[in-house]
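Please work through each task before reading its solution.

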Amino acid sequence: MNVRSGRFATDHSRLSRPLAAAVACWMLLVSQSSAADWLQAAGDAARTGHSPDEPRPPYRLLWNKTWKGEVFTNTNQPIIVSGVLYVASNNGVVHALKAATGKELWTADVDGPVTHALASDGKRIFAATLAGTVHALGAADGKEHWKTKVSRRGFSAAPLLMEPAGRDGEARLFIGNRDGAFYAISAETGAVLWRLDTGAPIRQTAAGADGKIVFVNDAMVAFCADTATGEALWKTEIPGGSVRDYWPVIHTGRVIIRTAEAGARELLHMPETLQKRFFWPAGKGGKGPFKARTEADVVGREQDMLVQYFKEFPFVRTFIVLNLADGREPYTAGVYGGCSNTGTYAPPVVAGDGNVYCMSRTSAADRGFINITHLYLGRFDVKTGRMTRPILCGWRDVGQTLFGIKGPLFKTSSWKMISDETVALSSGGNLVFGMRNEGGAGAVDVRTKRHWPLPGFSSNYRTDMQSSANVLSISGKYIAYTASLRNVICIEGN
């Protein structure tokens, strides 16, 4: 089984040579034209937020559906399987919709609210509820295959679907519970296979790779568990105040964890130290210690000062990188914050070029004001812990100063992806898609820096009613998300 997308298997030895060649050609055409399924939160087990499909502009709104009395929070990320969109609500209803038209194919009631993404193995849809139950429903008809009561404390995370190391074909669901335990559940039968007690509620969705699972509990301890046995391989305390709503990202042997600050606005230490010591005083626009004016400033001296600040005040860090092998921190990353109302900063994504992209704050503004809104999307080097290439900035004063009208280093975003609201990312091919809580959605090509707004978003579809932001789901030419606590929206690209 491949839990990223469907695959075809044919025994060519039983066919004549011409027929075998024809079948092979047909399979190649199918594999080239078929869409990759978005089977779980962030698309895959490693939570890279990536789809190999690259829906390009022009974009058009296919449909926008509202259900009376239903609630779809920003964490109710849709999944897309074989052209069908599945999304669950806080009312405990699972919906199956044809992605091309929005036609409802079936609905199914489960035992309690579902506040996060579903998961699928192509045959079944898996839902974890606040009632502490896990359900397996038929993807074609919504009929219940099994239901398991795990804990009365309930699930505030999305299930992770993957195969344990050395057990090909035996898919399992992995999910943490508010009772403080992390569970492995058979995708075939619903049986609980093992549990790992952590001592604090778990409200973060787990990520998995190389036979390992990584998650963080509410005590801000990162755990790595063996997929087959549940043995804790390592645990590491990390800074920050919360990891709820999102997930770690695993890439090239590193684990990237985004957190919320340890206190309200970093306990005011950022304006007290970082802004006044290193950057132009906010609002004065005059002389100051430093202001980034070139790309070399942004990726060089500015990050040197950020790292220096983090070493002095480690509790304000919100971008943590650990080794998957041993849980150790290889470096202090030069990334400060991102966009967030009050919740956890959204995780980075991996684009089709194999690089990690994320947000960071910069002093490259008309007044060198780093501590609220002036941010950029850039490439993060997981080997060194540094931002290495600025891509996009969302505020015009930034684009028109450092990035220049005649020859900008960054492209100023017409859809204002960067702000002080939460911004979540996903990627399709070499396009990075962003959803800003308060203002809109868009795409940027990481190769050319060219960017486009997405349709279907207006003040009527605001997503800033809660701290987290939508992660756009991508499959084939379809892009889908929830908004305004009541809408499910699907966009089509080329």
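**Exercise 1: a salt bridge and its surroundings**

At 10% relative accessibility, Asp245 counts as buried (under 20% relative accessible area is buried, over 50% exposed, in between partly exposed, with a 1.4 Å probe and protein chains only). The model is predicted: local features need pLDDT of at least 70 and side-chain atom pairs pLDDT 80 or more, whereas totals for chains, interfaces and linings use all residues. Residues are numbered from 1 along each chain as its sequence is written, and side-chain values use heavy atoms, without hydrogens and water.

Task: identify with which residue Asp245 forms a salt bridge.

Solution. Apply the criterion of a Lys or Arg side-chain nitrogen within 4 Å of an Asp or Glu carboxyl oxygen. Asp245 meets it with Arg244, the closest N and O atoms being 2.7 Å apart. Arg244 is partly exposed, at 25%.

**Exercise 2: a link across the chain**

Task: state which parts of the chain the pair Asp218 and Arg203 links.

Solution. First, the two side chains form a salt bridge at 2.9 Å, N to O. Next, Asp218 lies in the loop between β16 and β17, and Arg203 in the loop between β14 and β15, 15 residues apart (strands are DSSP E runs of at least two residues, numbered from the N terminus).

**Exercise 3: an open sheet**

Task: determine the order of the strands in the open sheet.

Solution. Strands pair if DSSP finds at least two bridges between them. The order is β19-β20-β21, with antiparallel pairing. The edge strands are β19 (249-251) and β21 (319-323). Finally, β19 pairs with β20 over 3 bridges, and Ile250 stands opposite Val255 in β20.

Definitions and conventions: Helix = DSSP H or I, 4+ residues; strand = E, 2+ residues; numbered from the N terminus.
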